Amino acid sequence: MFKRTQPVTDPVTIYFEDRDIVAQRGEPVAAALLAAGVHVFRTSPLSNSPRAPLCMIGNCFECLLEIDGESNRQACRARVQDGMRVRKQQGVRALEENDEG
Amino acid sequence: MKADVVVVGAGPAGMSAAMVLSGAGASVYVVDEQPAPGGQIYRAIERPGNVARYGEDYAAGADIVGKFRGTDIEVCYETSVWDIEGGASPRVGLANPGRAQLVDTRHIILATGAMERALPFPGWTLPGVMGVGAAQILLKESGLVPEGRVVIAGTGPLALLYARQMVEAGSKPECVLDTGSAGVPVGLWWHLARALATDAGALFKGLAWVRELRNAGVRRMCNVRSLRAFGTDRLEAVEYTHNGTVHRVEADTLLIHDGVVPNTHLALAAGCEHRWNELQCCWTPLVDENGATTRTGISIAGDGAGIAGAEAAACRGRIAAHHVARLLGLIDERQCRLGYAADCRRLSRIRVLREFLDRQYRPASATGTPHDDTEICRCEEVTAGQIREVAALGCMGPNQGKAFTRCGMGPCMGRQCGDTVSQILAEYHHLPVADIGHYRIRPPVRPITVGQLADLE
Amino acid sequence: MKDYDVAVVGGGLLGSSFGYGLSARGARTLVLDEGDNAIRTALGNFGLVWVQGKGLGMPEYAQWSLKASAEWSGFADRLRQETGIDTCFHRPGGFNLCLDDDELATNLELLSSLRREAGDGGYDYEVIDAAELKRLIPIVGDLAGGTYCPHDGHCNPLLLLRALHAGFSANGGEYRPRSHVNQVKSCSDGGFLLLSKNGDALGAAHKVVIAAGHGSPDLGRQVGLDITTHPDQGQVLVTERVQPMLEYPTNYVRQTDDGTFLLGPSTRDVGFDLSTESGTLRDIARRCTRAFPLLKNLRVQRSWAALRIMTPDGFPTYQQSDTHPGAFSFSCHSGVTLAANHALLTPDWILSGSIPREYDVFHPKRFDVQKNAAGH
């Protein structure tokens with residue numbers, strides 16, 4: 001559980017699952033979600049255990065989320081942009097036909 | 001894309017190195033994963049108000065960042081390095097979300113800094129358990145502070161500093177569970193005396209933090225052992241042993257810290273030799289006093305070469321850069337020696353303080369390896385017990401262990417489990433860790449897609 | 001009386017298959033292996049249990065591979081029952097994918113030659129055109145076509161090695177790692193003594209089996225065994241885990257039970273260099289995304305390189321020593337496919353003291369014949 005000690009000065013709206021979240025443009029997506037009270041980011045592929053950020057420097061790969069349709073993105077390295085759509089990474093990713101490059 | 005020197009990392013070491021080399025006339029590319037310079041230690045230092053908020057050590061970074069911004073050195077921000085090839089024609093593989101490319105260069109300086117040492121214990125994978133350094137990044141990036149019942153556990157100056165920053169930001173930890181000792185053991189008084197003689201300020205600062213926490217009413221226990229975290233979908237409680245008694249405290253957030261270790265993956269992937277540092281219980285690249293590794297064309301500066309702190313990082317960045325400038329024929333031997341003489345002196349002083357800190361703040365793994373039921377490899381959910389099982393089958397090192405259990409094969413590629421696995425196997429086989437060895441690391445060191453690889457020229 | 005009936009030098013796929021089979025028959029068996037930092041080709045396999053396309057010029061090898069494939073299912077069951085380890089063996093048949101018409105033509109010529117060589121024995125494969133390929137493997141790209149063989153399959157080669165080690169240990173076999181054999185000496189009272197570089201005795205046995213991968217030639221020389229191999233470097237890309245999408249193993253790509261995709265193959269002559277090279281990785285990525293465009297957006301989690309043990313003609317060399325009876329050597333690059341034979345059949349040859357005549361074709365004296373033939 002994290003709270004903001006400074007107000008959001010450049011607010012944008014991102015969407016997490018079925019929620020609207022107001023966040024600071026350009027902050028790490030992980031920070032925006034933790035500030036909004038999100039505890040669980042993903043479930044692990046092997047045992048479906050709940051996981052959340054550990055290191056915040058891109059080394060632990062625990063903060064994986066689906067961002068704008070792309071699976072397994074590290075939320076600590078992704079930066080908030082207006083309108084971003086974020087979903088939990090549930091277990092192993094799927095690969096859709098429209099994923100073709 | 002070509003450059004005389006590629007510097008990986010825009011922290012104090014990287015920025016210092018780049019400025020020296022640029023000043024000597026080299027074409028330099030600096031690559032960093034963040035959108036702004038500062039590395040992790042000076043992270044988000046340009047965010048409005050940060051310089052005033054988070055202490056004088058942090059604020060000192062504004063100066064070097066300001067100087068760096070004032071140069072015309074080319075920087076690729078939000079860019080990862082996924083491959084390093086040393087030798088006669090060094091190459092660096094870069095990737096950002098758009099594309100991957102290879103850069104030809106004459107020399108590479110790795111300044112990738114440090115990461116928090118993994119501190120595995122039962123339940124450490126629960127949401128709500130995160131690193132103290134991670135929490136500090138949330139503070140610097142977004143002004144976030146944990147609320148509710150917050151426990152800080154582990155050892156090292158950063159844990160104390162952060163506890164203080166938390167209090168200043170208006171949030172108080174339930175308690176600080178220090179796995180280290182209360183005072184300074186007699187055996188370290190000589191190191192302490194020497195450290196006081198060279199940098200009393202740093203030590204008194206630490207004492208001041210302890211006092212401030214006490215005055216703020218934060219409970220601090222020392223010699224804490226046997227951490228365990230409990231909860232179903234997230235952290236609910238923390239257990240620990242103190243003075244032989246098991247205690248349980250309800251908690252929403254557990255911030256852990258067991259010191260920092262070098263980020264070694266790029267150096268390992270490049271084939272640089274590493275040594276096991278007995279005192280710091282981590283693999284460290286083998287470098288000489290100029291930062292040169294065992295691979296031609298690759299130098300390492302800063303905490304990535306061995307933990308010594310931000311000031312030392314800047315010194316080593318400048319020393320390495322002078323050495324590379326000399327190698328490239330941009331300066332001569334005399335200019336090189338003059339250029340880094342002051343930094344060498346500073347480093348000698350810093351080393352004395354380091355020698356005390358390394359002994360005062362030994363990592364938890366120095367006293368024992370995790371229980372069988374502790375998940376060592378978080379990515380592949382492999383426990384210490386499963387590692388010991390294959391050790392019994394004759395696995396003598398982490399690479400065979402990886403093959404038999406998948407430990408180290410997940411996305412983090414052994415960053416969280418590598419040091420622990422080597423220690424578990426060493427303990428099981430009654431061999432020095434140096435004999436056990438480390439993971440073989442291969443590119444890509446940061447994730448890139450199959451498509452990005454296919455599109456490489 | 002020696003400590004062991006058989007000492008096996010090498011704990012890779014060959015050595016541990018032999019060790020497993022020998023110990024299962026009650027032979028007192030010692031397996032001597034190197035340490036964690038050895039070349040260990042055993043840890044660098046694609047995981048195919050493959051029959052299609054093998055044995056041109058040596059129909060016996062095609063038959064040998066077919067036999068292995070037929071035995072594999074029972075072999076996997078047995079390993080699972082004895083050790084609890086599932087080697088993830090599946091045999092839905094496999095595809096040789098052909099990216100363009102040239103590739104298809106070359107492949108068809110190879111297979112029809114193999115069918116001719118097999119004669120009355122028959123040779124199973126089906127030609128699959130582009131449309132049929134798309135129907136069978138919906139995620140495949142626009143390719144010229146392919147060939148299908150019902151005897152092809154795949155497994156997890158790392159779990160195979162682990163199961164062999166576990167089974168060997170359960171059978172009472174002794175595995176000694178960090179025991180690099182430098183010398184094999186004949187003993188005056190029969191049998192062999194194995195020594196380290198320092199001259200320390202590593203073990204003594206009535207028979208010795210040299211299955212030391214790239215280390216075999218040096219050891220073989222000492223006991224009258226002529227072993228000629230050279231390293232052939234292959235690199236592989238491994239992706240992140242994905243939901244199951246590809247049931248069939250193919251010559252370029254397979255999806256593992258863990259959900260990761262393995263992308264290959266490649267071949268390079270770089271001596272004993274185990275480093276990966278970005279150009280080769282790029283070429284693998286290009287070919288495999290042509291075969292499966294879907295792969296483009298998958299992250300590459302890691303890559304690795306391994307050194308195949310290649311004999312002069314690529315076919316196995318099996319031999320026993322004429323000058324040092326009781327010494328055997330086995331070298332091949334298909335340790336995964338042939339594991340079933342090496343575990344279930346070959347141990348009998350070793351224990352009986354001689355390799356059956358029907359396998360004479362695998363004797364390296366064939367290279368003398370080839371050399372002489374080339375001279376004409």
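Mentor: Strands here are DSSP runs of E of at least two residues and helices are runs of H or I of at least four, both numbered from the N terminus. With that convention, Met56(A) is found in the loop between strand S5 (50-51) and strand S6 (64-67) of chain A. The model is predicted, with local features needing pLDDT of at least 70 and side-chain atom pairs pLDDT 80 or more, while totals for chains, interfaces and linings use all residues. Residues are numbered from 1 along each chain as its sequence is written, chains are lettered from A and ligands numbered from 1 in the order in which they are written, and side-chain values use heavy atoms, leaving out hydrogens and water.

Trainee: What makes the phi of Met56(A) worth a remark?

Mentor: Most residues other than glycine have a negative phi, and most peptide bonds are trans. Met56(A) is not a glycine, yet its phi is positive, at about 65°.

Trainee: Where are the cis peptide bonds of Pro444(B) and Pro265(C)?

Mentor: One joins Pro443(B) and Pro444(B), with omega about 0°, and Pro444(B) lies in the loop between helix H14 (433-436) and strand S23 (448-449) of chain B. The other runs from Gly264(C) to Pro265(C), with omega near -25°, and Pro265(C) belongs to the loop between strand S14 (261-263) and helix H7 (278-291) of chain C.

Trainee: Why is H2(C) called oblique to H5(C)?

Mentor: Helix H2 (residues 59-83) and helix H5 (residues 157-170) of chain C pack at about 55°, with their axes 10 Å apart. That angle makes H2(C) oblique to H5(C), because angles under 35 degrees count as roughly parallel, over 145 as roughly antiparallel, 65 to 115 as roughly perpendicular, and the rest as oblique. The contact (heavy atoms within 4.5 Å) is made by Trp72(C), Phe75(C), Leu79(C) and Thr83(C) of H2(C) with Leu160(C), Ala163(C), Leu164(C), Ala166(C) and Gly167(C) of H5(C). By class, these residues divide into seven nonpolar, two polar and no charged.

Trainee: What makes H11(B) oblique to H13(B)?

Mentor: In chain B, the axes of helix H11 (residues 384-392) and helix H13 (residues 418-429) come within 10 Å and cross at roughly 45°, and this is what makes H11(B) oblique to H13(B). Their contact has eight nonpolar, one polar and two charged residues.

Trainee: How do you know that the side chains of Arg378(B) and Glu62(A) meet in a salt bridge?

Mentor: A salt bridge is a side-chain nitrogen of Lys or Arg within 4 Å of a carboxyl oxygen of Asp or Glu. The N to O distance between Arg378(B) and Glu62(A) is 2.6 Å, and the pair is therefore a salt bridge. Chain A and chain B have four salt bridges between them, and the count over all chains is 54.

Trainee: Why does the salt bridge of Arg79(A) and Glu141(B) join two chains?

Mentor: These side chains meet at 2.9 Å, N to O. Arg79(A) lies in the loop between strand S7 (70-74) and strand S8 (85-90) of chain A, whereas Glu141(B) lies in helix H5 (residues 132-142) of chain B, so the pair joins two chains.

Trainee: How much area do chain A and chain B bury between them?

Mentor: About 3,600 Å², 53% of it on carbon and sulfur atoms, where buried area is the accessible area (1.4 Å probe) that two parts lose on being put together, summed over both. In chain A, Met1(A), Phe2(A) and Leu54(A) lose the most area to chain B, together 20% of what that side buries. Between chain C and chain A the buried area is about 1,200 Å², with Arg241(C), Leu294(C) and Arg299(C) supplying 43% of what chain C buries there.

Key
Axes fitted to C-alpha atoms, helices over the stretch in contact; angles between N-to-C directions. Nonpolar A, V, L, I, M, F, W, Y, C, P; charged D, E, K, R; others polar.
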